[in-house]
Structure formats: structure tokens, C-alpha cells
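Here is a short report for a reader new to this structure. Please look over the sequence and the 3D view first.

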Amino acid sequence: MNLSADLQGSILVIAVLEDRIDAASAIQFKDRMREVTQTVSDRVVLDLSQVTFLDSSGLGAVVAVLKALGPLRKLELSGLSPTVQKVFRLTRMEQVFTIHDQVPHDVQHAG
Amino acid sequence: MMCNMRADRRRAWRMHPPPPPARLRILLDADPRAVRAGLRRLLTTTPMCDLSDDFRGTTEIVLAEVLNNVVEHAYAGQGGQIEVTLDYEHPILSFEVADTGVSMPAGRLPVGALTPLQPDTDLPEGGFGWFLIRTLTQGMTYRRRSDGNRLTFWMEAE
């Protein structure tokens, strides 16, 4: 499971560099996320713009990451493809996450 | 899942009568990587490539959930074979999924209700699969026989 992590001011931006988070990769995704979120940041944004498909195992893994971050850091999502968005919408998990169209910028950090 | 077919050909299809009836049967091993490969085969060839991206996405969600359930529950991760038959006759896309694993719990289809989200309770990390299958299909049957399980479900292409 390839991820990239980039600390942009107070935002840790993690991009998933794979086209799927599914039953074959959900555990590796959770393990890698646990590693990269050790970096201290106020916010964590998961950039899913390269992910075209996510199944219920992948959804469960994203929820597990949110819970593992604890109450002080929220997991935000960005760049959901239509099929990924459908999974979040139908399961009502879109109410749980802050979802951005594009990766947000840290205002203080910009420029 | 990207289609092999060129976009201009797909657009051309849509201006013409719906794709002709088609049937496709594949056999796959019951493990998550083989499920990925099986989905790719089913979703990137005709008739699926002749249907809309949105409907293909919906079909992939349903089929992935059904097949991964067979891997994880019918075969309990121990492996086996899954036979998938796709039938398309406009506008109905139907699938039959057969395996020789153990029965569904109590010999019947799960209800597939979603755990309600409540404040101050732990968020669910599972229980989404059957909900998605039930929500995105128009009908489903399940038969348990001495030689295994046979699940059929169908969806209407928009």
C-alpha cells in the first residue's frame, strides 16, 4: 500500500497512491496509516483522488483510522471519486467525515 | 475500473439501441486478489463496457461485496472456487454466484440493516457489506443445496 505524507503547516496531507482500498489491501492501509499519522499535526487530510474504488472493508479501515486518531485530531477526506462517494453516502458515513473536493490549504502556511 | 473500450465507441453505443444480450461465466479462486482480477475481467469487457460509468461503479460495489463475503464467510478464508455467471438482457443485469462453502447463517440471506449512527457511541467499522448489496440490487434469491450455495441477484441498468 503506497501512501505519501506531507506536512503542510498544521495539516498532514496523506495521499493514497493506489487505485483501490479493498478487502485485499484494507489491513495494509490501516497499518501504513498508523505509521504515517505518528507525525504530529493539528489536522489530517486523506487525499483519495487516485482511489477509484473502495469496498466495505476499505470503508471500515478508513473509519478505524478516524477512531485511532482519537478525539483531538479529526480525519478529513478529499477528492472522492463518484463510486467512492456513493459508498460514503449510502452508508451515511459522509456525515461523520469532513469531505473536501480538493486538498485544503493551511492559510497560515500558504505563501 | 477503467474500460478497455475507447470512449468514442462507448458514446456511439449510447446513441444506438441498447447492447445485445450477453452471457459471461468465469471461475475464480476464493481469495481477495483473485476477486480483484475477476472483477477486472467482468467489468472491463462487454457488456459492462457498454453501460454507463455510474452503473459499472454500482455493479462493482455489489459484486465485490458478494464475492468477498464468499471468500471470508462461505470459505472462511480457507480458499475454494467461485463460479460467477453474468447475464445481461436490457435493461436487466443479473448474476449467479456459486460456491461449495458453508451455508449462510440460519440458511438465509442476511437482512443487511445499517447500524444507526448515535452520538457518543463507537462508530461501526463493519456491517456495511450486506447493506450495500441490499440497497443497490433490485432483487435477490439464495439457495442452499448439498453441494453448496447459489446466490442470484439482479439490477436494472439506467
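## A glycine in chain B

G148(B) is partly exposed, because 19 other C-beta atoms lie within 10 Å. (Buried means 20 or more other C-beta atoms within 10 Å of a residue's own, exposed means 12 or fewer, and partly exposed is in between; C-beta atoms are placed from the backbone.) This is a predicted model: local features need pLDDT of at least 70, side-chain atom pairs count only at pLDDT 80 or more, and totals for chains, interfaces and linings use all residues. Residues are numbered from 1 along each chain as its sequence is written, while chains are lettered from A and ligands numbered from 1 in the order in which they are written.

G148(B) sits in strand β5 of chain B, residues 148-156. (Strands are DSSP runs of E, at least two residues; helices are runs of H or I, at least four; both are numbered from the N terminus.) Leaving out residues up to four places away in sequence, G148(B) touches A98(B), D99(B), T100(B) and G101(B). Contact means C-beta atoms, placed from the backbone, within 7 Å.

Helix α1 of chain A spans residues 26-36, and its buried residues are A26(A), F29(A) and M33(A). They lie on the same side of α1(A), because they cover an arc of only 55° around the axis. The arc is taken from the directions from the helix axis to the C-beta atoms.

The face turned away from the buried side carries exposed D31(A) and E35(A). Cover for the buried residues includes β3 (20-21) and α2 (56-69) of chain A.

## Where the chains meet

In chain B, 22 residues are in contact with 22 residues of chain A. On this side of chain B, α3(B) gives the most, with seven residues.

Methods:
Two residues are in contact if their C-beta atoms, placed from the backbone, lie within 7 Å.
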